[in-house]
Amino acid sequence: ALGLRALSLMKDANFAFYIVIATLVMIPFTIYWSYCSVFLQDKGFEFITITMNWGQFAEMFFMLLIPIALAKIGLKWAMLAGLAALLVRYVAFWCGGVFDMQWLYFIAILVHGIIFGFFFVGGQIYVDKKAPKEIRAQAQGFMFLITFGIGLLAGNFLNGALITKYSTETIVDGVKEISYNWDPIWMITTIFSTVLLVAFFVFFRDKLDQPGTEAVSEAVKEISEEEIV
């Protein structure tokens, strides 16, 4: 019964819109998880794990800022900041290839904490404020299932198809080699991220009180434990 009550939150237009956007965000979000190492290797980076770990180090710093940011600017603007960082990531990847500026790839990596923290922690706070106290756990589980379950699966499938479309396999001395055309891949991801940012800014109209710093800190702790990156 509590699970059905959590599902009934979808009757609220703003809540349903947030769930749809959060699910769609997973499509560009997961291409970083699944293929950034492939991209960096293709671009000649040698210390790929160390390079990507810069994003994790930056994330620890940004997570400290989340309670202050959410309390000061509110949920919508915090989540918009996360979506803006998502757009910055793929603009950096795209322009880094188009203009041969590999230093832009580091910007794309460093904004990881803003994307994850501001959008998804903000989203968790939003769900907590929308759901009655007795079904908050079920509502959080529902959000996590839809986003990191269905959204993640759809993202991996669609991103795999996108990369396959812009890659070519050749056999050289009996060894299969794959060449990638990353510029259109990042261009498409940039366009999609732009659409998500604009749609959220225009159509998300829920007006909620700013969350208290203590509540935000608790959400940061919980979502950090759930993070699978």
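**Entry: T189**

I started with the contacts of T189. Leaving aside neighbours within four places in sequence, I found T189 in contact with P28, I31, Y90 and L162. Contact here means heavy atoms within 4.5 Å. T189 is found in helix 8. I noted T189 as buried, at a relative accessible area of 5%. Buried stands for under 20% relative accessible area, exposed for over 50%, and partly exposed for what lies in between, using a 1.4 Å probe and protein chains only.

**Entry: what I am looking at**

This is a predicted model, in which local features need pLDDT of at least 70 and side-chain atom pairs count only at pLDDT 80 or more, while totals for chains, interfaces and linings use all residues. Residues are numbered from 1 along each chain as its sequence is written, and side-chain values use heavy atoms, with hydrogens and water left out.

**Entry: the chain as a whole**

I looked up the secondary structure and got 9 helices and 2 strands. These are DSSP runs numbered from the N terminus, where a helix is H or I over at least four residues and a strand is E over at least two. Read from the N terminus, the order of elements is α-α-α-α-α-α-α-β-β-α-α.

Of the 229 residues in the chain, 48% are buried. I also checked how far apart in sequence the contacting residues are. Among contacts between residues at least 6 apart in sequence, 81% join residues at least 24 apart.

**Entry: the largest nonpolar core**

Next I looked up the largest nonpolar core, which has 67 residues. A nonpolar core is a set of buried Ala, Val, Leu, Ile, Met, Phe, Trp, Tyr and Cys residues joined through side-chain atoms within 4.5 Å. Which members touch the most other members? They are Y18, V25, F93 and F119. Two or more residues of this core come from each of helix 2 (13-42), helix 3 (48-73), helix 4 (75-98), helix 5 (103-110), helix 6 (112-130), helix 7 (136-165) and helix 8 (182-203). Helix 2 gives the largest share, 13 residues.

I then followed F93. Not counting residues up to four places away in sequence, F93 touches Y32, C36, F39, Y105, A108 and W186.

I compared L40 and S37 next. L40 lies in helix 2, and the place of S37 is in helix 2 as well. Is each of them buried or partly exposed? L40 counts as buried at 0% relative accessibility, whereas S37 is partly exposed at 30%.

Not counting residues up to four places away in sequence, L40 touches F45, I48, T51, M52 and I109. With such neighbours left aside, S37 is in contact with I48 and M52. I noted two C-alpha distances: 9.2 Å for L40 and M52, which are 12 residues apart in sequence, and 6.3 Å for S37 and I48, which are 11 residues apart.

**Entry: helix 3 against helix 6**

I looked up how these two helices pack. The axes of helix 3 and helix 6 come within 8 Å and cross at roughly 40°. Axes are lines fitted to C-alpha atoms, for helices over the stretch in contact, and angles run from 0 to 180 degrees between N-to-C directions. The angle makes helix 3 oblique to helix 6. Under 35 degrees counts as roughly parallel, over 145 as roughly antiparallel, 65 to 115 as roughly perpendicular, and the rest as oblique.

The crossing of helix 3 and helix 6 is right-handed. A crossing is right-handed if the near helix is turned clockwise from the far one by less than a right angle, and left-handed if anticlockwise. On the helix 3 side, the contact is made by G55, Q56, E59, F62, M63, I66, A69 and L70. On the helix 6 side I listed H112, G113, I114, F116, G117, F118, V121, G122 and I125. The residues of this contact divide into 10 nonpolar, 6 polar and 1 charged. In this division Ala, Val, Leu, Ile, Met, Phe, Trp, Tyr, Cys and Pro count as nonpolar, Asp, Glu, Lys and Arg as charged, and the others, Gly among them, as polar.

F120 has its place in helix 6 too. I noted F120 as buried, with a relative accessible area of 3%.

**Entry: helix 4 against helix 5**

The axes of helix 4 and helix 5 come within 8 Å and cross at roughly 165°. That makes helix 4 roughly antiparallel to helix 5, and their crossing is left-handed.
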